[in-house]
Amino acid sequence: RFQTPKGIKTHKAFGTMLRLAILSVALLLVAGHLGFLHQSFDSIAVFRLHLLPVLGVMLIATFRLKMPVLRIFGGAVAMVSVVTIAPSVREMGTGPIEADWRLFQQNMMVRNRQPADVAQFIMDRKPEFVSLQEISHNGLSVLEPLKARYPGWLQCPDWYGAGVVLMSRWQAVQGSQGCDAIEKIGWMQVQTAQGPLTVVAVHMNWPWPSNYAGRQRRIQRILGELPQPMVIAGDFNMVPWATSVRRLGERTGTAVMTPLRFSFRPNGLQVLLPIDQVMVPAGMQGRSALVAGLGSDHFGLWVRVGRASGR
């Protein structure tokens, strides 16, 4: 079909912009896979789910244009990215489980006007473990009555109240409790019916622009020195496929509970950020569900961990 000089120029300009856009998004996706070189690249891995559909739409637009090399490169990057996310989508194990214990994880949000709803949820559901982050002074006063129900109690102070609060139905083994105020993590070891278990609550920093790599190495060292088996629960501010999360699992003998849950909902928006995680001892099975309506910009996680029924 005949095109005017103006139409040809417009066509070329569109092609050039499309090439640059595809290359930019593909390179960002590649950078998000380079956490093994430096964990700061995990800052980009956070948005892998968001970049993938953008790249897909742009690749579809190339089918009427002559961009074979770029199309192959972009397609390969997209395929690798999908493969790395896929394990996080599958449920941990199949079929029903016999729960050894249950855990409730919640970033309460300092400005939460409904802390009593969090306390009531815990009293109603009676989990064996509770991991909380961003607890205001008002939130601490509301949680105070729960101390009678949870002999294992640890709160790590912060200027607004507590960075993390950790509760356990079992009393902490003497000398096993600890806090790291810099990284906002707290831990205790308890003696459950199935044996000793180290329980950890964490609230990690958002990866950018903090010294994410250095802080992750410190967290991995601290938690890697604690006795196993271990469960780690908290607001990771990081996605389950990130290199830093994988390395933490390797150091602590844990695995992220799947499938991923989109827990962060600022102003009620679904932003596709599964940044609240529960990591359980490798080999165990678990089931999780989101808990809404507790006054925070994070949904809670209700978790049951145990073994497949019939074993």
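Visitor: Where does Leu-272 lie?
Guide: Leu-272 sits in the loop between β9 and β10. Strands are DSSP runs of E with at least two residues, helices are runs of H or I with at least four, and both are numbered from the N terminus.

Visitor: And what is its phi like?
Guide: Phi of Leu-272 is near 55°, a positive value in a residue other than glycine.

Visitor: Is Leu-272 buried, exposed or partly exposed?
Guide: Leu-272 has 33% relative accessibility, so it counts as partly exposed. Buried means under 20% relative accessible area, exposed means over 50%, and partly exposed is in between, using a 1.4 Å probe and protein chains only.

Visitor: Before I go on, what should I keep in mind about the numbers?
Guide: This is a predicted model, in which local features need pLDDT of at least 70 and side-chain atom pairs count only at pLDDT 80 or more, while totals for chains, interfaces and linings use all residues. Residues are numbered from 1 along each chain as its sequence is written, and side-chain values use heavy atoms, with hydrogens and water left out.

Visitor: Now cis peptides. Which bond into Pro-259 is cis?
Guide: The bond from Thr-258 to Pro-259 is cis, with omega near 5°. Pro-259 belongs to the loop between β9 and β10, the loop that also holds Leu-272.

Visitor: What about the bond from Gln-228 to Pro-229?
Guide: That peptide bond is cis as well, with omega near 5°. Pro-229 lies in the loop between α7 and β8, and Gln-228 is in that loop too, with β8 covering 230-235.

Visitor: What does Gln-228 touch, leaving out residues up to four places away in sequence?
Guide: Gln-228 touches Arg-251, Thr-252 and Gly-253, where contact means heavy atoms within 4.5 Å. Gln-228 is at 45% relative accessibility, so it counts as partly exposed.

Visitor: Gly-253 came up there. What does Gly-253 follow?
Guide: Gly-253 comes after α8 and has a positive phi, near 65°.

Visitor: Then let's do α8. Which residues of α8 are buried?
Guide: They are Thr-243, Ser-244, Val-245, Leu-248, Gly-249 and Thr-252. These buried residues pack against α2 (42-45), α7, β8, β9 (254-256) and β10 (276-281).

Visitor: How do α7 and α8 pack?
Guide: Two packed helices are described by the angle between their axes and the distance between the axes. Helix α7 (residues 212-224) and helix α8 (residues 243-252) pack at about 20°, with axes 9 Å apart. Axes are lines fitted to C-alpha atoms, for helices over the stretch in contact, and the angles run from 0 to 180 degrees between N-to-C directions. The two are therefore roughly parallel to each other. For reference, under 35 degrees is roughly parallel, over 145 roughly antiparallel, 65 to 115 roughly perpendicular, and the rest oblique.

Visitor: Which residues meet between α7 and α8?
Guide: From α7 there are Tyr-212, Gln-216, Gln-220, Arg-221, Leu-223 and Gly-224, and from α8 there are Ser-244, Arg-247, Leu-248, Arg-251 and Thr-252. By class, that contact has three nonpolar, five polar and three charged residues. Ala, Val, Leu, Ile, Met, Phe, Trp, Tyr, Cys and Pro count as nonpolar, Asp, Glu, Lys and Arg as charged, and the others, Gly among them, as polar.

Visitor: And how do the axes of α3 and α4 cross?
Guide: The axes of α3 (residues 48-61) and α4 (residues 68-89) come within 10 Å and cross at roughly 150°. That makes α3 roughly antiparallel to α4. On the α3 side, the contact includes Leu-52, Leu-55 and Leu-59, and on the α4 side Gly-74, Gly-75 and Ala-78 are among the partners. This contact has eight nonpolar, four polar and two charged residues.

Visitor: Last one: how many helices and strands does the protein have?
Guide: There are eight helices and 12 strands. The C-alpha trace spans about 80 × 45 × 35 Å along its principal axes, and buried residues make up 52% of the 311 residues.
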